[in-house]
Amino acid sequence: MISLLDYGAGNVRSLRNAVTRLGYEVVDVSSPDDILAAERLLFPGVGAFGAAMQRLRDQGFVEPLLDYLRADRPFLGICIGLQCLFEGSDESPGVPGLGVLSGQVTRFPADALAVPHMGWNGLRVRRDSELLAGLEADRFYFVHSYCAPAAPDITDWVLAETDYGVPFVSAVQQGQVIALQFHPEKSGPAGLALLQRFLTGTVTVAPGFAPRILSAPEAPKTHAPEQPPTRLAKRVIACLDVRSNDAGDLVVTKGDQYDVREQGEVRNLGKPVDLAARYYREGADEITFLNITAFRDFPLRDQPMLEVLRRTSEQVFVPLTIGGGIRAFTDADGNSWSALDVADEYFRSGADKISIGSDAVYTVERVRAEGADGNSAIEQIAARYGNQAVVISVDPRRVYVSDPEATHHQVVETAFPGPRGERYCWFQCTVRGGREGRDVDAVELARTCEALGAGEMLLNSIDRDGSGLGFDLELIAAVRAAVGIPVIASSGAGSPGHFVEVFQVTGADAALAAGIFHRREVPIADVKTALAEAGIPVRAA
Ligand code: 1PR
């Protein structure tokens, strides 16, 4: 029986699914007494530091939690669950943490590297442990903008550090108290193995161990030899465009330049849950579902899609993104839902991130005219679930011009001139699955959405979609240079070499493909091999 300290700050379904999958029953902590009665306590990390601490305080959980930790009872904190052990965080100035560990959590420097730190990174193991034994060479999934800097006065706690611009603490343990900056529940087989060690109590304690709260400087007992810095891997993402076919079955489909029909029929490339499970087994670093007709069918009516998400999240233990239809909606009877309601339902059904397409374009138009008011879907969802949970899916199409002065949009000089030899183009955002172009370019969209709180850009290209000609490097480089959040390159992958090229040329953080994976033309493992051979860090497939 595993007690889950779900303090209501966000989605913990992924963790529940992982624990259940490993054969354990999860009970929720709903009162202070439940903490002291727990056999093993999980403190998952979602939301912001201040909100998490506030909720612990409001529910009277702080004192019992400290008692539980002082008594060296089995505890696993994850992400914010690690950060709350410190004295405070720059994310929420003035809000005290639990103070079990001395030091302050700080924001990653944003100058050179994309923030959040999102994706698969390694561990520099600082001392031997049963928890990490044999997993030292694996990568784990991180997603956070704040970190605990590696500092000498907590070295007796530190199991592992990780590097991302700065070295930071990625795993701590004293006795039975463990905390991890990464998400084992989203870290594939290695993460599940680690979680299982905690759940089964494989992690034993030296006899006579007494934990200290607020540790004093002390040299670690075992120091691993100096190891090279860890590197964040470039992510390879499998994307499933999902819609109902004409028989009413939910299928994975795939378009050419967004046209998913062949001889009048919606292309059917497989069943969503089965394909997602296959990509998980084959080593995809993330899975993305795009509910491509949700702009016209309200997604909360689309129970089969929510069911797809639920069933997938029970068997896929890497991050799961879902997009399509995240917007406010009023039905014929006058019932209204906000975009946040739609996102809530997606998160409840197992999503780790949601992606917003059309509504982001309308938001940018509104912000340009009236300024930000805090009410956009991006702002509201980021405020509840964190920036890292909000992806913007952009569907741009090239618009060619002969003269850069002929448009107010940001243009690039292109190596692929337009039909009349135009040497410049801008990237026009579209809505409703590419059906309607708007007066917003992809660079403006990316900048504004970042400022509103989006955590990641998924950059499609209608021109390249389904073409197999390679990613639109000019588009991706232009957007990558404009924002500090991670950018996912999408559309046009035809070979492993295209992944190598997009990472080398544009600095993209992840690359996504659909057609080549669905048609089994290129295995994910071949993509990873090509990347590794080119010296690009990847998580082994
Ligand atoms: O506008 O918030 O309801 O979201 C709708 C979502 O559905 C958006 O994310 C939009 O990108 C997506 N979408 C809408 N219509 C289509 C379509 O194809 N007709 N799919 C569509 C977008 C692009 C990628 C594709 C890559 C890689 N498809 O998802 O997977 O281009 O393909 P490739 O590797 O085969 O080239 P909203």
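I first looked up the interface: the area buried between domain 1 and domain 2 is about 1900 Å², with carbon and sulfur atoms giving 56% of that area. Buried area here is the accessible area (1.4 Å probe) that two parts lose on being put together, summed over both. I note that this is a predicted model, in which local features need pLDDT of at least 70 and side-chain atom pairs count only at pLDDT 80 or more, while totals for chains, interfaces and linings use all residues. Residues are numbered from 1 along each chain as its sequence is written, and side-chain values use heavy atoms, with hydrogens and water left out.

I then checked the bounds: domain 1 covers 2-200 and domain 2 covers 235-388 + 442-533, as given by an automatic or database domain assignment. I found 24 residues of domain 1 in contact with 30 residues of domain 2 (heavy atoms within 4.5 Å).

Glu314 forms a salt bridge with Arg13, with 3.8 Å between the closest N and O atoms. Helix 1 (13-21), strand 7 (117-121), strand 9 (140-144) and helix 6 (188-200) each supply at least two residues of the side of domain 1 that touches domain 2. Helix 1 gives the most, with 5 residues. Helices (H or I, at least four residues) and strands (E, at least two) are DSSP runs, numbered from the N terminus.

Terms used
Salt bridge = Lys/Arg side-chain N within 4 Å of Asp/Glu carboxyl O.
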